[in-house]
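Student: I have a structure to read, and I want to know what the terms rest on. Can we go through it together?

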Amino acid sequence: MAIDQGTTSTRCIVFDQNARLVAVAQREHRQYHPRPGWVEQDAVEIWRNVDRIMPQALRQAGITADQVVALGITNQRETFVLWDRHTGVPVGRAIVWEDIRTEELVATLEKQPGIEEVRERCGLPLATYFSAPSLRWMLDNVAGLRSKAERGDVLFGTMDTWLIWNLTGGVNGGLHVTDVTNASRTMLMNLSTRQWDPMLLDFFGVPSAILPEIRPSTEISGKTTRVVPGISITAALGDQHAALFGQTCFEKGSIKGTYGTGGFLLMNTGTELVRSKHGLLTTIGYQIGGEPAYALEGSIAVAGSLVQWFRDNLGLIHSAPEIETLARTVKDNGGCYIVPAFSGLFAPHWLAQARGLVVGLTSYINKGHLARAVLEATGWQTREVVDAMNADLGAPTPVLKVDGGMTADHLLMQFIADVLDIPVMRPLVAETVSLGAAYAAGLAAGYWPDLEGLRRNWHLAARWNPVMDARHREDEYANWKRAVELTFAWARSSPST
Amino acid sequence: MTQVTPAQRARFDNVDTYRVRSCDHSVTLCSNAALPAVFRRFSRSRGVESCSTLPTRVVSITFAAVPGPIQSIERAAAVLRLLARGSGHHGLTEIADSLGLARGTAHGILRTLQRVEFVEQDPSTGRYRLGAALLHLGTSYLDANELRSRSINWADTLAARSGQEVRIGMHHDGAVLVVHHVFRPDDSVQTLGIGAMLPLHATALGKVLLAYDPDLSAAARRRELTSLTRRTITRTQALERVLTEVRAQGWAGEAEEYMPGEASIAAPIRIPGGLVVGAIGISGPVDRLCDTAGRPRATLVRQVSQAAEAVTTSLVDEN
C-alpha cells in the first residue's frame, strides 16, 4: 500500500505482487493564498483525508489491514508543518514549496558569509522553494515560536513526518522520523553524513530540538495505531525520488522524467555524490540499507502549465490534449520559439529575473505553429537538463523513462526522443510515484526479494525512437539556445533590475 | 466567445421540435356514460386512426398513440433559442424568468446542455451562451488526442490484465485510425502503432465502429471488401449479419480475418447519450484470445467490455 500525499490531493493506492493497481482512493485538499505569493495548506485537513482514504482503499480492494504487507509514504517535497508536541495541533498552516514569501529573506541570506559552504553541504542553491528559508521565516515571524522550538515543545516535519507521527500514535508516542530523500530537500541535511548539519542549522537559525530523526528510505519501522491499526510503515520517499524508484532507475546513469504541470528529471548517479558543475541539484535518490544512491535533479518549472496557459489565457484550445491536434495542423514550428520563463528559468540556468518570450514571429505564423512551439519548449528544456546531467556524469544516458499526464501527448514524446536522440520509454503502470513508495515498502518487508525482482515488474507500454535528422536537430537546438539567451538579455535590460 | 453566424442561427431556428414516433394502441371502453368525455379527449389528440361505437355499451377506439412531446426537450430547445437571440449572454435568473421556469428546473436544463457542450458558461460572469459544439455538430464529437489522454490509464489496466496489446481506434476516412497503442506487457520488441490505419471490415475495432454508425456501414456495403486472409469477410450480407450480432452482444471479435494467426476483441466507447465515438480492443495470438472452438474467450471479452465502460464513464465524468 502507498499513500501519496501530493500538492493538490492525497491518494491511497493498493498494489498486488505483480505491481498491478488494485484500488485507488483519493481526496483533494484546499489551497490557501492569504497574500500574493503565499501558498498554504491545512495539515489537519490532509491528516483527515488520510483517515478517510485508507479504509476506503481497503474496502475497494476487498481486503483487511492484516492483508496489507507494508505501507510506504511518498509526499510533495519541501512542504512542511510545525506542530505542538503535546497537543498535536499545528502552528499555523503548512507552507507549500510554491510559496515565495521568503524572496527577500533569501536575498539577505544570499549575502551572508558561508553561503558557498551551504551549497557545498546540502547540494542545493538557496531558493524560496526549499524548506529552510520558510522555516526560518516562521521562527522569526510567529510570536513565541522560537523559544517553544528551542525548548523542544514544537516539532518540525515534511508531510511524510507529519503523517507518520500521526499514524503511529501522535501525542501517544508517535514516531518523529523522516527519510533521507525528504531531509535532502530541506537545505538542513549534510549530503555526505546524511544527518542534520550543525553549520546549516546555525546558518538558518534552526534549533535542532524540533527536527525528526533521519532514517534510510526503507528503515522507517513504524506501526499504525490509528486509522487502520496494525499496518507496518516501512518506507518513505519524496515524490520525485519515489518516481525514480518506481521507474526502477537503479543503475548509475539512468534517468526518469515526470511530466505534469512542471517537469522533473532525476538521474541516478549511484553511490557517487556528484556535485553539479552544470546547474543541477544534488540530492539523494533513495537509500536502501546502508548505502545511498545519489541523484542529480533538474526541474523544468513550466511544462504542462504552459499548455494550460495556452488553453486558459490564450483560449486557443478547449482542453489540454487538443494542443496536439492543433500542433498537427502544421508540419513544423515555422521558425517560432516560446521560452516559458514565467517565473525565471530553473535548471540549468537558474535565472530568477528571466521572463518568457515568443520569438520568430512572421505573418506566416498561425496558432498551429504556436502550439508546436509550446510542446517543443518542454522538449528543449528536457534536452538542456539531460545535456547537463550527461556532462556532470561524463557519460551519455542511453534512454529516458517517462511518466506523468503529459506522456499521453504522442507528439511531445516523439519530439523528446528526437531532440535527445535516445529512445523514450513509458512503463505500463503510470502511477510511478505511488508504485515507488509501495516498492520501497514491499522491499523492506521482504514482499519483493530484491531490486531485480522489482525490475521484472517493469513493463514497457510505449517506446518512441528518435527519427529526426541530426543536422536539423542541431540547427533547431541552436535556435532554441538563441531564444533562451534573449530572455537573459530581457532580464538585464529590465529597469527594475 | 462563440460567434454564431446568421446562417447557423437560421439552421438552428428551423429545427423541427417534435417528431415523435407513433405506435398503435387499442383501447376498449365498457361504459357508455364515459364515452363523450373519452371521445372528446381522443379526438383532440392528433393520432386517432379509427373509432367505432357499437349499439351496445362497448366502444372500441383504435388510434396511433403519439407519445406526448417530452417537456424537458421542449424546454431545452427554448433555452437554446433564447441564447441564439440578441446578446446571446444570459444569467440563470434571466433565462428562468424569460421562459417562466423555476430556477431549479432552468439550472438542471442548463447543466445538462453544458454537459453535452451545447451551452457554455462564462467562468468570470457565470452567464450562459451557446456552446462551440453546436457549430460543429456532425463534424467531430471528440478530439482523438483528448480520447487518448482520458483513456490512457484504462488502456494500461486492460493490457496488464489481459496480457495483450491494446489499441484504441476512431473512424477516419473509411478506416480505423489507431489513436492509442499500449504494448503487450512481455517486453518483446514492438513498434508503436499510433497513427496507423486499419481496415474496418477485418478488425474487431473496425467492426465496432461499423456496427454503431449507419452511414459508415452503408458506405462499407457499397465498397468492395478487400480480402486480407482466407477468413476475411468479403460478402456484404455476411458482414451485415456479423454487425447485427455485434450490436446484440455489445462487442466484436475477429479471428485470423486480418492476419493469419492473430485475433482481436473490441468494445465501443461512448459519449453521454450513447453515441459511439471509438473502440478499445486487444489483439494477439489466436490461441491466446480464442478458445478451442475459435470463439473469443469470455474472460477477455469481459475485460475489454469493462475497459470500454470505464473509458465511457471517464468521458461522462469529466465532460
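Student: What stands out in the hairpin of β10(B) and β11(B)?
Tutor: Gly273(B) takes a positive phi near 105 degrees there, and five residues lie between the strands. One caution about the source: this is a predicted model, where local features need pLDDT of at least 70, side-chain atom pairs count only at pLDDT 80 or more, and totals for chains, interfaces and linings use all residues. As for labels, residues are numbered from 1 along each chain as its sequence is written, while chains are lettered from A and ligands numbered from 1 in the order in which they are written.

Student: Why are β10(B) and β11(B) called strands that pair?
Tutor: Strands are DSSP runs of E of at least two residues, helices are runs of H or I of at least four, and both are numbered from the N terminus. Two strands pair if DSSP finds at least two bridges between them. Nine bridges join β10(B) to β11(B), so the pair qualifies. They run antiparallel. One bridge links Arg270(B) to Val276(B) in β11(B).

Student: What makes β7(B) and β8(B) a pair?
Tutor: They share two bridges, in the antiparallel sense. In β8(B), Leu198(B) is the bridge partner of Val176(B).

Student: What joins β9(B) to β10(B)?
Tutor: Four bridges, with the strands antiparallel. Gly253(B) stands opposite Ile265(B) in β10(B). These strands also form a hairpin, with six residues between them. Glu256(B), in the turn, has a positive phi of about 55 degrees.

Student: Why are β8(B) and β9(B) said to stand at the edges?
Tutor: Start with the order of the open sheet: β8-β7-β6-β11-β10-β9 in chain B, six strands with antiparallel pairing. β8 (197–198) and β9 (252–255) each have a single partner strand, so one side of each lacks a neighbour in the sheet.

Student: What makes β10(B) largely enclosed?
Tutor: A residue is buried if 20 or more other C-beta atoms, placed from the backbone, lie within 10 Å of its own; 12 or fewer means exposed, and in between is partly exposed. Seven of the nine residues of β10(B) are buried, so the rest of the structure largely encloses this strand. Over chain B as a whole, 33% of the 319 residues count as buried.

Student: How do you know whether Thr382(A) is buried or exposed?
Tutor: Count neighbours. Thr382(A) has 26 C-beta neighbours inside 10 Å, and the cut-off is 20 or more, so Thr382(A) is buried. Thr382(A) belongs to helix α12 (residues 367–393) of chain A.

Student: Which residues is Thr382(A) in contact with, beyond its neighbours within four places in sequence?
Tutor: Contact means that the C-beta atoms, placed from the backbone, lie within 7 Å. Among the partners are Gly257(A), Leu265(A) and Ile416(A).

Student: What makes the buried residues of α10(A) line one face?
Tutor: Gly304(A), Leu306(A), Val307(A) and Phe310(A) are buried in α10 (residues 304–312) of chain A. Down the axis, they fall within an arc of 160 degrees, so they line one face of the helix. The arc is that of the directions from the helix axis to the C-beta atoms. The cover includes β13 (255–259), α11 (322–327) and α12 of chain A.

Student: How do the two chains meet?
Tutor: 19 residues of chain B are in contact with 18 residues of chain A. On the chain B side, α7 (144–162) and β7 (175–182) each supply at least two residues. α7(B) gives the most, with 11. That side divides into nine nonpolar, five polar and five charged residues. Nonpolar means Ala, Val, Leu, Ile, Met, Phe, Trp, Tyr, Cys and Pro; charged means Asp, Glu, Lys and Arg; the others, Gly among them, are polar.

Student: How confident is the predictor in chain A?
Tutor: pLDDT gives the predictor's confidence in each residue, from 0 to 100. Chain A averages 92, and 99% of the residues score at least 70.
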